[in-house]
Amino acid sequence: MRGVKIIGTGSARPNKTLTNDELAKLVDTSDEWITSRTGIKSRYISDGVSTTQLAVEAAKKAIEEAKISVLEIDMIVVGTLTPDLLMPSAACMIQSALGAVNATAFDISAACSGFIYGSKIAINAIRCEDAKTVLVIGAEVLSKIVDWKDRNTCVLFGDGAGAAIYQESEENKILGVYTQSEGNVKALSLNGIPLSNCFLQTTNENDTDFYIKMDGREVYKFAISVAPLCIEKVLEKANMDVSEIDHVILHQANERIMDMAAKKIDIDQSKFFKNLDSYGNTSAASIPIALDEAKSEFKPGEKIVLVGFGGGLTWGSILFEW
Ligand code: UT7
């Protein structure tokens, strides 16, 4: 089986920021509530920049760092809840903007686990010699699917994009990959488009309801149970002990979830990278943005685990060596 490693990362964010104090002018909330319950202080919000534009900016930085030609990219996988169009896919639009004419490009739907699921596809495609160089992106403009009148959800989310390039390598750096799902519509959902058949003219008042819906407490319970499990599963696959992990990049949803996960699995909290104070939860973009920002702290040979969880429900992890 071929070896695989990450050869470049990049990230992008809109220029506009929205602070907790600014949000408190829109809904009945406060900086104190948001900070103490989530750790979020501010988030980036699109002022017109699209999912494709953010993704292309992140991808260009990753390509530059990897020192490859776009023509070498033979697969583009995009995790997103918020493509600009349902067809063509975000991946095909990004392919066109980059001029990556040799790639097979497609989106996957795995919500906040999108980057982990996409990375699994990339790693397996390279391992079985179906691809040599794969661009994986998580990109979101969640501000267009957030109900800005609902304080339960609107304080949580932000916009951005992150990208990573996986390439074949003589030395394998991917030590473990794990994913799992459990169909559950009640915890976290998004209608997005009318689901009834327009031809039959059925009317359903929910058809106009296209905002993200979340049972926060249920998702919180789910997150604190699967986050430690994700770490255990990849350690098991790599036959490694938890003490050998140097950095954890957990989906940036809530600081309390990170602290609970650290406690449950007995990893020092200082090993958990955090940038959710300035980004909020950017769904599929959260892990690749965090990876891009955390990499300056990594030393060669260190072991890093990426952990995602979200709508679906979906969850998963990747353990790799830097
Ligand atoms: O990427 C997808 C993954 N998503 C997540 O990981 C989210 C997981 N869930 C969470 O992070 C937390 O459940 C939340 C941050 C969403 C909520 O925190 P919580 O401690 O679970 O609060 P709660 O939902 O139990 O609400 C407590 C109170 C309620 O008031 P009452 O019923 O006790 O009077 C809410 O109405 O806080 C109220 N509340 C707010 N108050 C001020 C809810 N949202 C707000 C708000 N500002 N923004």
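Angles run from 0 to 180 degrees between N-to-C directions, with axes as lines fitted to C-alpha atoms, for helices over the stretch in contact; contact means heavy atoms within 4.5 Å.

The model is predicted, with local features requiring pLDDT of at least 70 and side-chain atom pairs counting only at pLDDT 80 or more, while totals for chains, interfaces and linings use all residues. Residues are numbered from 1 along each chain as its sequence is written, and side-chain values use heavy atoms, with hydrogens and water left out.

Two strands are counted as paired if DSSP finds at least two bridges between them. Strand E12 (residues 303-310) and strand E13 (residues 312-321) run antiparallel and are joined by eight bridges; in E13, Ile318 is the bridge partner of Leu306. Strand E13 also contains Leu313, and the peptide bond from Gly312 to Leu313 is cis, with omega near -10°.

A second open sheet has five strands in the order E1-E7-E6-E4-E5, again with mixed pairing. Its edge strands are strand E1 (3-12) and strand E5 (104-108), each of which pairs on one side only. The twist in this sheet averages 20° from one strand to the next. Strand E4 (residues 75-79) pairs with strand E6 (residues 133-140) in the parallel sense over five bridges, and Val77 stands opposite Val136 in E6. Helix H3 (residues 51-66) lies across E1, E6 and strand E7 (160-169), running at about 130° to E1.

Most residues other than glycine have a negative phi, and most peptide bonds are trans. In the loop between E4 and helix H4 (90-98) is Pro88, and the peptide bond from Met87 to Pro88 is cis, with omega near 0°. The loop between H5 and E6 holds Glu129, which has a positive phi of about 65° although it is not a glycine.

The ligand is surrounded by 23 residues, the closest being Thr29, Arg37, Arg217, Asn254 and Asn281; a residue belongs to this shell if one of its heavy atoms lies within 4 Å of the molecule. By class, the shell has 11 nonpolar, seven polar and five charged residues. Here Ala, Val, Leu, Ile, Met, Phe, Trp, Tyr, Cys and Pro count as nonpolar, Asp, Glu, Lys and Arg as charged, and the others, Gly among them, as polar. Helix H2 (31-38), helix H6 (151-154), helix H7 (216-238) and helix H8 (255-265) each supply at least two residues of the shell, and H7 gives the most, with four.

Particular atoms can also be located. An N or O atom in the side chain of Thr29 is 2.7 Å from a nitrogen atom of the ligand, and a polar backbone atom of Gly216 is 3.0 Å from a ligand nitrogen atom. An oxygen atom of the ligand lies 3.3 Å from a polar side-chain atom of Arg256. The protein covers 77% of the 960 Å² of accessible area that the ligand has on its own, as computed by the Shrake-Rupley method with a 1.4 Å probe.

Conventions:
Polar contact = N/O pair within 3.5 Å; in protein donor to acceptor, adjacent residues only side chain to side chain.
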